[in-house]
Amino acid sequence: MSAIAAGRLKAQSASRISPWAVTAFAVAALVLLPVATIALIAVADTGTLWNHVLVHVLPQSTWNTLVLMAGTGIVAVAVGTGAAWLVSAYDFRGRGVVEWALLLPLAVPTYIMAYAYLDILSPLGPIQGAIRWVLGFQSPRQFRLPDIRSMWAAVLIFGFVLYPYVYLTARAMFLTQSANLLEAARTLGVGRGKLFWRVALPLARPAIAVGTALALMEVLNDVGAAQFLGIRTLTASVYTTWVVRADLAGAAQIAVSMLVFVMALVLLERLARRNQRYAASAQRPRPMPPQRLRSWKSLVALGLGVLPVVIGFVGPALYLIVAAVKRMDFAGLSTPLLRAALNTVSVSALATLAVLMAGFAVAYAARLQPGRATGLAARVATLGYAVPGTVLAIGILIPVAWFDRSLDGVMRASFGWSTGLLLLGSGAALVYAYAARFLAISVGGIEAGLSRLPLSYDHASRTLGQSAGGTLVRVHLPLTHTALTAAGLLVFVDCMKELPATLLLRPLNFESLSTLLYGEAVRGTYEDAAIAALLIVAIGILPVILLARTGRLSRD
Amino acid sequence: MLKIAKTLGLVSLLAMGAAVPAFAEEVNIYTTREPGLIQPILDAFTAETGVKVNTVFLENGLIERVQAEGGSSPADILMTVDFGALIDLVNAGITQPVKSEALEANIPAALRDADGNWFALSGRARVVYAAKELELDSITYEQLSDEKWRGKLCIRSGQHPYNTALIAAYMAKHGEEATRTWLEGVKANQARAAAGGDRDGARDIAAGICDIAVANSYYFGLMASGKGGEEQKAWADAIKVIVPTFEGGGTLVNVSGAAVAAHAPNKDEAVKLLEYLASEPAQKLYAEANFEFPVNAKAEVHPIIATMGTVTPDSMALSDVLPFRKRASELVDEISFDTFSN
């Protein structure tokens with residue numbers, strides 16, 4: 001690329017602000033709004049309680065959260081990266097199935113996973129029952145394994161249900177790592193085993209970091225699983241402070257400290273690799289041919305690939321199926337259940353659409369006009385993911401309700417006609433909440449997708465007479481549609497599973513599958529809960545399979 | 001794919017708009033209590049009066065939402081469990097006083113606000129579940145910290161309102177220092193992490209994890225009646241319910257209740273619904289559908305609940321317990337009640 005062309009492009013972009021940048025700033029402002037609202041609540045009132053929180057709540061729950069995150073991170077990275085390497089570096093019988101099945105735990109919300117294993121591994125459950133039968137014990141009072149409500153169980157449960165975030169990003173990286181690099185390494189005498197540690201893994205580090213960050217944010221957002229397992233996390237403390245002590249300001253203070261903590265983590269990771277560059281060449285990379293495994297090695301590989309799927313998906317899914325079948329005579333799906341399914345799918349789809357468009361605007365602006373402002377917009381747009389769902393929901397509730405109230409007041413005063421609660425009453429507030437929360441996924445994914453396209457493409461396209469818009473439609477969109485689709489599907493699945501924000505912001509008589517499930521669980525009528533949970537998992541599988549397909553297509 | 005999603009989205013938004021049909025009269029409930037529990041009662045109300053009932057279950061954040069919605073809020077009735085939460089509604093300024101002879105006749109004065117800002121609708125006792133074979137006929141709340149229960153007691157999070165109310169009541173009776181000692185004893189008795197729900201206490205007794213558990217009275221009815229499925233019936237079969245008392249006092253009976261929202265657009269219907277909920281037939285349904293104690297003396301408790309024996313509510317008023325709630329919650333943090341370390 002000629003230095004002159006680059007200089008001109010830069011000069012041009014500095015002279016005026018493109019509509020893309022304006023859109024990116026608007027998106028960032030919309031995400032910042034709830035976060036700023038929470039920050040305002042946090043500083044509004046301190047009083048004496050902050051002392052209590054500082055001394056008795058934060059140290060313990062920060063420690064618990066750190067341990068849980070570190071443990072989950074280790075499990076998720078080990079399982080996710082290992083599995084990704086397994087299916088991309090080796091070919092074995094059943095690899096085709098294992099490759100997409102490894103994504104299935106994405107469809108299982110953490111709270112369902114925890115509940116299922118609490119029951120499966122209970123002394124009354126099938127596994128301990130079988131052990132007792134083998135050992136000849138009659139009752140759990142004579143023999144039982146230690147209770148699973150503990151940190152190590154929580155780490156395993158979170159790790160095995162969240163590893164697909166790492167698997168997804170790591171596999172995409174391994175698949176497109178050009179064979180040239182790997183072959184060069186081999187020529188230089190690196191064995192196949194070492195190839196992973198010396199070349200493939202270091203090259204995949206940004207991707208693994210992104211995946212791990214997504215997984216860890218899920219840990220931070222979880223309330224249900226931690227509640228079942230008795231782990232006092234920061235998020236649980238936010239709830240307690242707010243709900244039990246009726247102290248929203250205190251809760252907001254904890255939430256803000258969490259946010260600072262998360263931002264520090266993200267910064268740290270970026271800082272750690274600030275001196276490294278990861279660029280692909282403009283040529284389409286030739287993927288590395290997987291090594292064919294035979295006989296027992298093939299079986300071992302298959303076993304290793306299947307294990308995470310069994311723990312993260314088959315276990316809870318089987319549990320739900322058995323529970324659903326046992327407790328209901330298949331009279332069909334009830335109307336509320338079907339309506340909830342329709343609600344879930346439609347709101348999630350709308351939110352996904354919004355997230356994709358907003359995410360693309362933010363990522364594209366950063367590409368067209370690279371610089372501090374657009375970069376900042378991109379970072380701000382991803383803040384929502386680091387705020388626990390309920391807290392974010394409060395941050396959205398207040399400005400949105402203010403808007404609704406004001407509009408209603410104006411309309412009543414000037415037209416004698418009430419709009420009621422326009423955004424809250426229509427479910428639009430829900431779409432906003434999902435979008436603000438999951439924008440990080442799409443911005444991250446699309447940025448990664450765009451960063452793969454060398455700027456020389458843009459220059460070539462512009463030289464050939466395409467406008468910026470033309471370049472977008474003819475060059476960037478076709479080349480990033482895989483990243484877009486992948487981000488969209490991931491966002492969709494996450495919207496479907498979302499619980500706390502949905503609970504707080506939905507209109508009257510509106511149930512999603514997750515709120516329905518939660519309501520049943522609160523009530524203890526597990527028969528319907530199992531069916532709703534199964535529906536979440538079942539509907540979640542579809543996008544997950546599509547997700548697996550997009551990954552494979554990109555390789556062909 | 002996206003096109004399909006878009007179409008689906010539009011269709012369902014339309015459907016959502018259409019899902020609230022044009023009933024001549026309606027009433028909107030915001031509730032922190034899962035409305036499915038009282039759905040049969042609400043259905044009976046609609047059948048009798050023709051007033052449609054819309055609900056939204058807002059487990060956390062009901063107050064914030066009603067406050068944020070302000071004068072445009074569609075909420076008519078605010079419903080909640082736990083006495084403290086009920087008073088929080090009043091303190092947040094989102095209720096309005098209601099004057100109704102029917103309500104005053106059916107709900108004892110102690111179970112409603114003198115100004116009509118809140119009304120209790122049902123009661124629930126904090127009881128002890130014990131393994132059936134255990135030789136134990138009576139227990140006091142104070143004895144829950146006895147050394148004989150080391151590693152043998154199951155209880156949910158100390159920050160759950162049901163437990164916070166118990167700890168606050170203890171504090172109202174015995175003072176803060178005695179409560180701290182007692183709570184530390186209860187913590188030392190934990191057989192597993194203070195997590196999950198009240199029903200888990202019964203399950204874990206059946207599973208041999210603990211001998212006794214602290215739980216609400218109506219869960220026993222829900223489990224024993226088979227309403228929660230066969231498995232839960234088996235849990236109920238493994239336990240017996242012991243109604244504890246404070247030393248020289250009675251049992252802690254908490255309430256569920258409701259208030260009329262400050263900006264209720266359908267105030268008449270809201271009062272009508274409250275009156276219905278306190279009436280004899282609805283109170284019978286409370287007892288039958290959810291095994292709670294009716295507040296209306298004319299309705300009786302469910303036979304399953306009656307097998308627990310008589311429940312004599314402690315003479316201390318719930319409003320005397322209220323000032324200790326916050327301190328109780330802080331105490332739970334201070335002694336790390338919810339961090340299992342036995």
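Asp82(B) is buried, as 23 other C-beta atoms lie within 10 Å. A residue is buried if 20 or more other C-beta atoms lie within 10 Å of its own, exposed if 12 or fewer, and partly exposed in between, with C-beta atoms placed from the backbone. The model is predicted: local features need pLDDT of at least 70, side-chain atom pairs count only at pLDDT 80 or more, and totals for chains, interfaces and linings use all residues. Residues are numbered from 1 along each chain as its sequence is written, while chains are lettered from A and ligands numbered from 1 in the order in which they are written.

Asp82(B) sits in the loop between β3 (77-81) and α4 of chain B. Helices (H or I, at least four residues) and strands (E, at least two) are DSSP runs, numbered from the N terminus. Phi of Asp82(B) is positive, near 80°, in a residue other than glycine. Most residues other than glycine have a negative phi.

Chain B is divided into domain 1 (20-123 + 253-302) and domain 2 (124-252 + 308-334). These bounds come from an automatic or database domain assignment. Taken over C-alpha atoms, the centres of domain 1 and domain 2 of chain B are separated by 27 Å. In chain B, 14 residues of domain 1 are in contact with 17 residues of domain 2. Two residues are in contact if their C-beta atoms, placed from the backbone, lie within 7 Å. On the side of domain 1 of chain B that touches domain 2, the elements giving two or more residues are α4 (83-91) and β9 (253-261) of chain B. The largest share of that side, 4 residues, comes from α4(B).

Chain A contains 24 helices and 2 strands. Of its 556 residues, 51% are buried. Among contacts in chain A between residues at least 6 apart in sequence, 82% join residues at least 24 apart.

The largest nonpolar core has 303 residues. A nonpolar core is a set of buried Ala, Val, Leu, Ile, Met, Phe, Trp, Tyr and Cys residues joined through C-beta atoms within 7 Å. The members of the largest core that touch the most other members are Val362(A), Ala433(A), Ala435(A), Ile77(B), Leu78(B) and Ala213(B). Helix α15 (residues 335-368) of chain A gives the largest share of this core, 19 residues. Domain 1 (20-123 + 253-302) and domain 2 (124-252 + 308-334) of chain B both give residues to this core, so it lies between them. Leaving out residues up to four places away in sequence, Val362(A) touches Ala24(A), Val27(A), Ala377(A), Ala378(A), Ala381(A) and Val443(A).

Two helix pairs in chain A were examined. The axes of α15(A) and helix α19 (residues 428-451) come within 7 Å and cross at roughly 45°. Axes are lines fitted to C-alpha atoms, for helices over the stretch in contact, and angles run from 0 to 180 degrees between N-to-C directions. Angles under 35 degrees count as roughly parallel, over 145 as roughly antiparallel, 65 to 115 as roughly perpendicular and the rest as oblique. The crossing of α15(A) and α19(A) is right-handed. A crossing is right-handed if the near helix is turned clockwise from the far one by less than a right angle, and left-handed if anticlockwise.

Helices α20 (residues 455-463) and α21 (residues 468-497) of chain A pack at about 130°, with their axes 10 Å apart. α20(A) and α21(A) are therefore oblique to each other. Their crossing is right-handed. Tyr457(A), Asp458(A), Ser461(A) and Arg462(A) of α20(A) make the contact with Thr471(A), Arg474(A) and Val475(A) of α21(A).

Helix α12 (residues 234-244) of chain A is mostly covered, with 11 of its 11 residues buried. These include Tyr239(A) and Trp242(A). Ala246(A), which follows α12(A), has a positive phi near 50°. Asn509(A) also has a positive phi, near 60°. This residue lies in the loop between α22 (500-505) and α23 (513-523) of chain A. Asn509(A) counts as partly exposed, with 17 C-beta neighbours inside 10 Å.

Ile120(A) is found in helix α5 (residues 110-120) of chain A. Ile120(A) is partly exposed, with 17 other C-beta atoms within 10 Å. Beyond four places in sequence, Ile120(A) touches Gly125(A), Pro126(A), Ile127(A), Gly315(A) and Tyr319(A). Ile127(A) lies in helix α6 (residues 126-135) of chain A. With 13 C-beta neighbours inside 10 Å, Ile127(A) counts as partly exposed.
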